[in-house]
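Please consult the sequence and the model alongside the text.

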Amino acid sequence: MADFNVNIRGVGSVSVIDLKGYLDAHTAPELENAFNKLLDESQYKVVVNFNDLAYISSAGLGVFMAYVETMRENKGDIKFSNMTESVYNIFDLLGFPILYEFYKDEDDAITKFND
Amino acid sequence: MQSKNKKFKKELVVKSSTDNLAQIREFTQIAAQESGFSNENVGKIVLAVDEACTNIIKHAYKYSPVGDINISVRLEQSKFIISIIDEGGHFNPDIIPEPDIREYHKKRKAGGLGMYLMKKLMDEVKYTNLNENRNQVILVKYLT
């Protein structure tokens, strides 16, 4: 029922994950699949674009926590971009800004990888 | 919206499948909106109820989709009260420690965040064991 979509795009050496709709305990496995696919392809530089994400619960946030260390151990990272204020507030409540990078625009996040 | 004197009660019973989270959120959203909460607070209440039901599906019913989740909401004197009852076996919230967020990220632990969020989002969170198998979590948000 829950309306959710994940799409992976390659932008140079960076993989961009576009999220759309509602990310909850029901749809989080789809995001896990996307991260597993990136690991299979040894893609560790990831930008998650939240532009079209309407909702996130802790099940969704847990996915990023589960994969971020693996990305960092392989000289990559998971960076976030284009988040609405309401979605950002949930990340903030759970202390993510201490340990993750947030960017207004996807391009800024991608550029950061290429620095 | 003038709704401080409004009194109502609504109920939703769904099976313990994550497939029903969208329906649970819609039910909660409409009830919170009708009670006169701001969009920001409606969002907080919806997320807290989602987290409570996700915990029930995961921990009380261990992803078995055949259990019942009974959600009733009522507005009483500016208190928006949500009662969520499951029959999935005893659950003791006291054994789940409040997470140190930094430690949490370090240890890659992805669970336990729901309870932490519920406490942050709501004014009151209370767990009760109704009897051997029935658990109740009560979430309260003040309509100020």
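Leaving aside residues up to four places away in sequence, B:Ala52 touches B:Ile84, B:Met118, B:Val137 and B:Leu139. Two residues are in contact if their C-beta atoms, placed from the backbone, lie within 7 Å. The model is a predicted one, in which local features need pLDDT of at least 70 and side-chain atom pairs count only at pLDDT 80 or more, while totals for chains, interfaces and linings use all residues. Residues are numbered from 1 along each chain as its sequence is written, and chains are lettered from A and ligands numbered from 1 in the order in which they are written.

B:Ala52 is also one of the residues that touch the most other members of the largest nonpolar core, together with A:Leu23, B:Ala48, B:Val49 and B:Cys53. This core holds 69 residues; a nonpolar core is a set of buried Ala, Val, Leu, Ile, Met, Phe, Trp, Tyr and Cys residues joined through C-beta atoms within 7 Å. Its largest share, 11 residues, is supplied by helix α2 (residues 39-60) of chain B. Helices (H or I, at least four residues) and strands (E, at least two) are DSSP runs, numbered from the N terminus.

## Helix α4 of chain B

Seven of the nine residues of α4(B) are buried, so this helix is largely enclosed by the rest of the structure. A residue is buried if 20 or more other C-beta atoms lie within 10 Å of its own, exposed if 12 or fewer, and partly exposed in between, with C-beta atoms placed from the backbone. The buried residues of α4(B) are B:Leu113, B:Gly114, B:Met115, B:Tyr116, B:Leu117, B:Met118 and B:Leu121. Their cover includes α2 (58-73) and α3 (85-93) of chain A, as well as α2, β4 (124-129) and β5 (135-142) of chain B.

## The side of chain B that touches chain A

Between the chains, 21 residues of chain B are in contact with 21 residues of chain A. On the chain B side, the elements giving two or more residues are α1 (21-35), α2, α3 (101-106) and α4 (113-121). Of these, α2(B) gives the most, with six residues.

## Chain A

Chain A has five helices and five strands, which run β-β-α-β-α-β-α-α-β-α from the N terminus on. Of its 115 residues, 43% count as buried. The C-alpha atoms of chain A fill a box of roughly 35 × 25 × 20 Å, taken along the principal axes.
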